[in-house]
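User: Please take a close look at the aromatic rings, and go on from there to the helix packing and the backbone. Give the cut-off for each term as it comes up.

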Amino acid sequence: MLQVSKFWLPPLVVAVAVLRSVPVEAATPVKRPADPPPKIEITDEARQAAQSSNAFAFDLYAQLRRQDGNLFYSPASISTALAMTYAGAAGGTGRQMAEVLHFDQADEPLHSGFGTLGRLLNAQNRGVRLQMANRIWGAKGYPFSPDFLAATREHYGADLLQLNFAQPEPSRQTINRWVEQQTAGKIQNLVPPGAVGPDTRLVLTNAIYFHGAWQDEFWKNATRPAPFRRTETEQRRIPLMHRSGHFGYSETKDVQVLTLPYVGGELSMVIMLPKEIAGLEKLESQLTAKNLDAWISSQDSKLVQVFLPKFKVTSQFSLAQTLRSMGMELAFSGEADFSRMSSAEDLMLSEVIHKAFVDVNEEGTEAAAATAVIAPKAAAVREPEKPVEFRADHPFVFLIRDNRTQAVLFLGRLLDPPAN
């Protein structure tokens, strides 16, 4: 009986995210097409895909918050890349992935939901630019399952491009160039040297890019250096932006929640600010998709004096061990079952890499993210009112979400902003 050997699987590069504010000279509205794009119906499957992604987003945050410093990533990018990977998983491997990723639909509605969600995001054109792209990079001549390729092409628009992984550096550069192009140059060198090699069989990539202006810009001449109180005894001076206006606002005994919409109103940044300087840890322990929905659904339009740092954050980390600890052990082991990708030999995952960048200023926000999965062989108008003060001069959590589906596209925290 022929024994099929297991080989080491090069890193599954699963996510890169970039978010930066729009420079003044770049704040020109995105050109609109001559004809409006066809309206994308928000299906129950798309809503469920968003809910699954959000549940996973906060599970993942609970793991990543243990790291020191600032944090930023794209749950939408990671979930989409892993959903494509899940299309090739079987047996216990598939069951573990479904549990960790909160996939509780049958395959067809699951992938249809993620496909509709992707098309919905790409249909944005009212003063913002939002796009998501997927691509599969396969080893030249490798026999992938036609059903796997059909599913990823139909639902994710992910065409297969064959590469000669026996020449790893040109292959790596080709993938990185695509990611860089899809993220307007904001994500570079996603796949690091050594991540692909002769035993690589498959790399799945997702890239997401967002460029939008605030619906109500901050007053540029009102930005002033001010202390950011990292702890009760530690602070540093940073640029603190300011404006007042009516915004979605709610609060509990522990946290203030503010929604800042982008032009068009379909996308927003949500900021969760602890009332206590040392309240971040308590807030993070309360971060769930259910609590987020409750905080946002209870918001009223309030007159708010907003003080928000002008900041940049970069994050890069490996997610392989994190996903293992969340319950996805089989996918990264010699017992992995990705037989729905190919029956030629046993495959396994080896790595998930995420890279993210955020830059927020007075005009707006630009965001991008990319995910690559590498699978080698296995081894209302109101009367005048007293304004609420929202002074984000101490650590807080923030996210960017699609208001129609409630999908969290980007998620992070500002703990230690760079000094002015």
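Analyst: Phe410 has a relative accessibility of 0% and therefore counts as buried; buried means under 20% relative accessible area, exposed over 50%, and partly exposed in between, with a 1.4 Å probe and protein chains only. The model is predicted, so local features need pLDDT of at least 70 and side-chain atom pairs count only at pLDDT 80 or more, while totals for chains, interfaces and linings use all residues. Residues are numbered from 1 along each chain as its sequence is written, and side-chain values use heavy atoms, with hydrogens and water left out.

The partner of Phe410 in an aromatic pair is Phe72, which is also buried at 0% relative accessibility. Their ring centres are 5.7 Å apart with 5° between the planes, a stacked arrangement. Rings of Phe, Tyr and Trp (its six-membered ring) pair if their centres lie within 6.5 Å; planes under 30 degrees apart are stacked, over 60 edge-to-face, and the rest tilted. Phe396 and Phe398 make an edge-to-face pair, because their planes stand at 65°, with the ring centres 6.2 Å apart. Both of these residues, Phe396 and Phe398, are buried. Ring pairs join Phe72, Phe410, Phe396 and Phe398, together with Phe311, into a cluster. The structure holds eleven aromatic pairs.

Next, the helix packing. Helix α1 covers residues 44-64 and helix α2 residues 75-86; helices (H or I, at least four residues) and strands (E, at least two) are DSSP runs numbered from the N terminus. The axes of α1 and α2 lie 9 Å apart at an angle of about 110°. Axes are lines fitted to C-alpha atoms, for helices over the stretch in contact, and angles run from 0 to 180 degrees between N-to-C directions. The two helices, α1 and α2, are therefore roughly perpendicular (65 to 115 degrees; under 35 is roughly parallel, over 145 roughly antiparallel, the rest oblique). The crossing of α1 with α2 is right-handed, and a crossing is right-handed if the near helix is turned clockwise from the far one by less than a right angle, left-handed if anticlockwise.

From α1, Ser53, Phe56, Ala57 and Leu60 meet Pro75, Ala76, Ile78, Ser79 and Leu82 of α2, where contact means heavy atoms within 4.5 Å. These contact residues of α1 and α2 comprise seven nonpolar, two polar and no charged; Ala, Val, Leu, Ile, Met, Phe, Trp, Tyr, Cys and Pro count as nonpolar, Asp, Glu, Lys and Arg as charged, and the others, Gly among them, as polar.

Helix α2 also packs against α4: their axes come within 11 Å and cross at roughly 150°, in a left-handed crossing. On the α2 side the contact has Ser79, Thr80, Ala83 and Tyr86, and on the α4 side Asp107, Leu110, His111 and Phe114.

Most residues other than glycine have a negative phi. His102, not a glycine, has a positive phi of about 60° and sits in the loop between α3 (91-100) and α4 (107-122). With a relative accessible area of 29%, His102 is partly exposed. Ala184 likewise has a positive phi, near 55°, and its place is the loop between α6 (168-182) and β5 (200-213). Ala184 is partly exposed at 36%.
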